[in-house]
Amino acid sequence: MGEPGFFVTGDRARGRSWCLRRVGMSAGWLLLEDGREVTVGRGFGVTYQLVSKICPLMISRNHCVLKQNPEGQWTIMDNKSLNGVWLNRARLEPLRVYSIHQGDYIQLGVPLENKENAEYEYEVTEEDWETIYPCLSPKNDQMIEKNKELRTKRKFSLDQLGGPGAEGPSNLKSKINKVSCESSQSVKSQEKGEVASTPSENLDPKLTALEPSKKTTGAPIYPGFPIVTEVHHEQKASNSSASQRSLQMFKVTMSRILRLKIQMQEKHEAVMNVKKQTQKGNSKKIVRMEQELQDLQSQLCAEQAQQQARVEQLEKTFQEEEQHLQGLEIAQGEEDLKQQLAQALQEHWALMEELNRSKKDFEAIIQAKNKELEQTKEEKEKVQAQKEEVLSHMNDVLENELQCIICSEYFIEAVTLNCAHSFCSYCINEWMKRKIECPICRKDIESKTYSLVLDNCINKMVNNLSSEVKERRIVLIRERKAKRLF
């Protein structure tokens, strides 16, 4: 397993730390940092995210919480998880804090069918940092940060591929602008004195229209296109080399035009000077110089026409390249769409398979829960039967041992005679009005003793009987008190 990815301090590296060591594995250990609360679950807001590959719903979103109490002792609490937290093979009550010690066994979830152990089983231990560090599980926030860095790196790499390295019309546009700037700088550096003040009427109008033509050619109508395949790279490289050759020829022609322009201006100045010096003589020389000036003008016009044709050809080449790149972009877009569709279908089928597995696992968990409910129901029925048996036995005792033989009711203010037989106080008093002997053994009645213990026992037992028995006893007590007053 890779490094967990968090900072290691010097004190920790030299000391010992508490952790949950995963049973039977040298990875996936959970570090218990002093002074920090550790939460475990499958959700995103926990310290350690556990996503079961066998049964995704085995671990709840916030399954359990581990933290230190004020004395520094580590504790664990089940945060109302679905499948429970087990400490030393005993399930913990939800939202109740339990102390854990070294060597304790912690289990998250329950084993599935045909498996003896659960997927997540841990042992509480305190080890050296050098032993714990290689086996630690990465924290949830570190995994999220790592995924963000990967996405950022991927984005930067795509931007670099589609950026300065790709040849396209945008680079050709920048080259044209560069040539235009160089040409304008050379004109400014070579034109001096009266040359800069030469009127534009002496030049061909095509030359003045040359710069707007270039601006139109270099207009930002070519967006950057993504790189598609190696074949497209080769095609774009050949188109770019042809465009570069055209730009080189354009640059050479521009320099020739500028030289011819300067020569023509110099000849024009020479003619004007000669005309000023010799107004009447040297007419042949003036005619010859005018002829040379006309030749230069015709040559400049020819160069301008040739340059205009080359500019039109370059514009046509740019348009063809733009159309070609647009066609490549459409084709690549269709291929990307097909790939995305295929990938989406694969993800859909994978999700369906995972849902089916989750459904089976969830059904297995439901079956296990149903078995537990059935067992609990059977135990409850047994307890209910035992309770009914006890109540029946108690009723038998009340009816056979705690009933007055005179009124056939439970003793009310029980009285015990000298012969050890017990009767209701009211009943034995009424009996003694006729005979002064025991109704059972016929011995003479010499003494009567009230039995408080017997009365209390009968009252407590009657409280567990039905409401009808309770009401009947209350009515009898009232009636006998009323008769005693009269």
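**Figure 1. The whole chain, by its surface and its contacts.** Accessible areas here come from the Shrake-Rupley method with a 1.4 Å probe. On that basis, the protein chain of this predicted model has an accessible surface of about 31,900 Å², with 52% of it belonging to carbon and sulfur atoms. There are 11 helices and 14 strands to find your way around. Of the 486 residues, 33% are buried. Take the contacts with a separation of 6 or more: 59% of them are between residues 24 or more positions apart.

Figure 2. H11 runs over residues 467-485, which makes 19 residues, and reaches 28 Å from its first C-alpha to its last, close to the expected 27 Å. Its buried residues are Arg473, Leu476 and Arg480. These cover an arc of only 60° around the axis, so they sit on the same side of H11. Look to the other side and you'll find Glu468, Glu471, Arg478 and Leu485, exposed. What do the buried residues pack against? Strand E13 (422-424), helix H9 (425-432) and helix H10 (452-463).

**Figure 3. Helix H9 among its neighbours.** The buried residues of H9 are Ser425, Tyr426, Cys427, Ile428 and Trp431. They pack against H11, and also against E13, strand E12 (414-417) and strand E14 (448-450). H9 spans residues 425-432. Lys433 counts as exposed because its relative accessibility is 64%, while Glu430, at 32%, is partly exposed.

**Figure 4. Glu33 and its two salt-bridge partners.** The structure holds 8 salt bridges, and this view takes in a pair that share Glu33. One joins the side chains of Arg36 and Glu33 at 3.5 Å, N to O. The other brings Glu33 together with Lys139 at 2.2 Å, N to O.

Figure 5. Leu341, Leu345, Trp349, Leu351, Met352 and Leu355 make a nonpolar surface patch of about 630 Å². Leu355 belongs to helix H8, which takes in residues 283-401. Buried or partly exposed? At 47% relative accessibility, Leu355 counts as partly exposed.

Technical notes
Residues numbered from 1 in each chain as written. Predicted model: local features only at pLDDT ≥ 70, side-chain atom pairs only at ≥ 80, totals over all residues. Heavy atoms only, no water. Helix = DSSP H or I, 4+ residues; strand = E, 2+ residues; numbered from the N terminus. Expected span 1.5 Å × (residues − 1). Buried < 20%, exposed > 50% of the residue type's maximum accessible area, 1.4 Å probe, protein only. Arc of directions from axis to C-beta. Contact = heavy atoms within 4.5 Å. Patch = residues over 30% accessible without salt bridge, like charges linked within 9 Å, V, L, I, M, F, W, Y side chains within 5 Å. Salt bridge = Lys/Arg side-chain N within 4 Å of Asp/Glu carboxyl O.
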